[in-house]
Amino acid sequence: MTELDVRALQRRLAEFAAARNWRPYHTPKNLAVALTVEAAELVEIFQWLTPEESARVMDDPRKAHRVADEVADVLAYLLQFCEVVGIDVLRALSEKIDRNELRFPLAERASDGPSEQDRHSTE
């Protein structure tokens, strides 16, 4: 699977939803809410783990399967959201990286790491 398959996945998700008459429910609001719910389910897997335990979560096949499933759910809702609102997800990501490269130049950040403000930025 490559980045060129994003549109094919979006079509497949749209066809899946259409076949089940779910399209009326796939509004931007509903998809954004579903996305946050799935992201929370991903976070839940890590909720009480230490940093060391979280770094090894994929070593446990059951937990690894749960993580992969939740990542898939998050991505599915994100792709559906982008399809409904007309965002080219790969272009949006590329443009955001471009802006972040300007916002966080290497010379300023390489030795110090991110500032407290940068780690908690709303952008």
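Me: Among contacts between residues at least 6 apart in sequence, what share joins residues at least 24 apart?
Reply: This is a predicted model, so take the contacts as computed from predicted coordinates. Counting pairs in the protein that sit at least 6 apart in sequence, the share that joins residues at least 24 apart is 60%.

Me: What does the secondary structure come to, and which pattern does the chain follow?
Reply: There are 0 strands in the protein, and the helices number 7. Reading along the sequence, the pattern is α-α-α-α-α-α-α.

Me: How many salt bridges turn up in the whole structure, and which residues are linked in a network?
Reply: The search finds 2 salt bridges. One joins the side chains of D88 and R7 at 3.4 Å, N to O, and another joins D88 and R91 at 4.0 Å. The linked residues are R7, D88 and R91.

Me: How far apart in sequence are the parts that the D88 and R7 pair ties together?
Reply: D88 lies in the loop between α4 (61-85) and α5 (89-103). R7 lies in helix α1 (residues 6-19), so the pair ties together parts that are 81 residues apart in sequence.

Me: Are D88, R7 and R91 buried, partly exposed or exposed?
Reply: D88 has a relative accessible area of 27%, which makes it partly exposed. R7, at 48%, is partly exposed too. For R91 the relative accessibility is 52%, and that counts as exposed.

Me: What span should α1 have, and what do its end C-alpha atoms give?
Reply: Helix α1 has 14 residues, and at 1.5 Å a residue it should span 20 Å. The end C-alpha atoms agree with that, being apart by 20 Å.

Me: Within what arc do the buried residues of α1 fall?
Reply: The buried residues of α1 are V6, Q10 and A17. Seen down the helix axis they line one face of the helix, because they fall within an arc of 40°.

Me: Which residues are exposed on the other side of α1, and what covers its buried residues?
Reply: On the other side of α1, the exposed residues are R12, E15 and A19. As for the cover over the buried residues of α1, it includes α4 and α5.

Me: Which residue follows α1 with a positive phi, and where is it found?
Reply: The phi in question is positive, near 60°, and belongs to N21, which follows α1. N21 is not a glycine, although its phi is positive. At 60% relative accessibility N21 counts as exposed. N21 is found in the loop between α1 and α2.

Me: Which residues make the nonpolar surface patch?
Reply: The patch covers about 350 Å² of nonpolar surface. One of its members, Y25, sits in the loop between α1 and α2 (28-46) and is exposed, with a relative accessible area of 56%. The residues that make the patch are F16, W22 and Y25.

Me: What span should α4 have, and what do its end C-alpha atoms give?
Reply: With 25 residues at 1.5 Å a residue, α4 should span 36 Å. Its end C-alpha atoms agree, with a separation of 36 Å.

Me: Which helices do the buried residues of α4 pack against?
Reply: The buried residues of α4 are A64, V67, E70, V74, A76, L79, Q80 and C82. The helices that these buried residues pack against are α1, α2 and α5.

Me: How far apart in space are D73 and A39, C-alpha to C-alpha?
Reply: D73 lies in helix α4 and counts as partly exposed at 29% relative accessibility. D73 and A39 are 34 residues apart in sequence. In space, C-alpha to C-alpha, the two are apart by 8.2 Å.

Conventions:
Residues are numbered from 1 along each chain as its sequence is written. This is a predicted model: local features need pLDDT of at least 70, side-chain atom pairs count only at pLDDT 80 or more; totals for chains, interfaces and linings use all residues. Side-chain values use heavy atoms; hydrogens and water are left out. Helices (H or I, at least four residues) and strands (E, at least two) are DSSP runs, numbered from the N terminus. Contact means heavy atoms within 4.5 Å. Buried means under 20% relative accessible area, exposed over 50%, partly exposed in between (1.4 Å probe, protein chains only). The expected span of a helix is 1.5 Å times one less than its number of residues. The arc is that of the directions from the helix axis to the C-beta atoms. Patches are made of residues with over 30% relative accessible area and no salt bridge: like charges are joined within 9 Å, nonpolar side chains (Val, Leu, Ile, Met, Phe, Trp, Tyr) within 5 Å. Accessible areas come from the Shrake-Rupley method with a 1.4 Å probe; for residues, only the protein chains shown count as cover.
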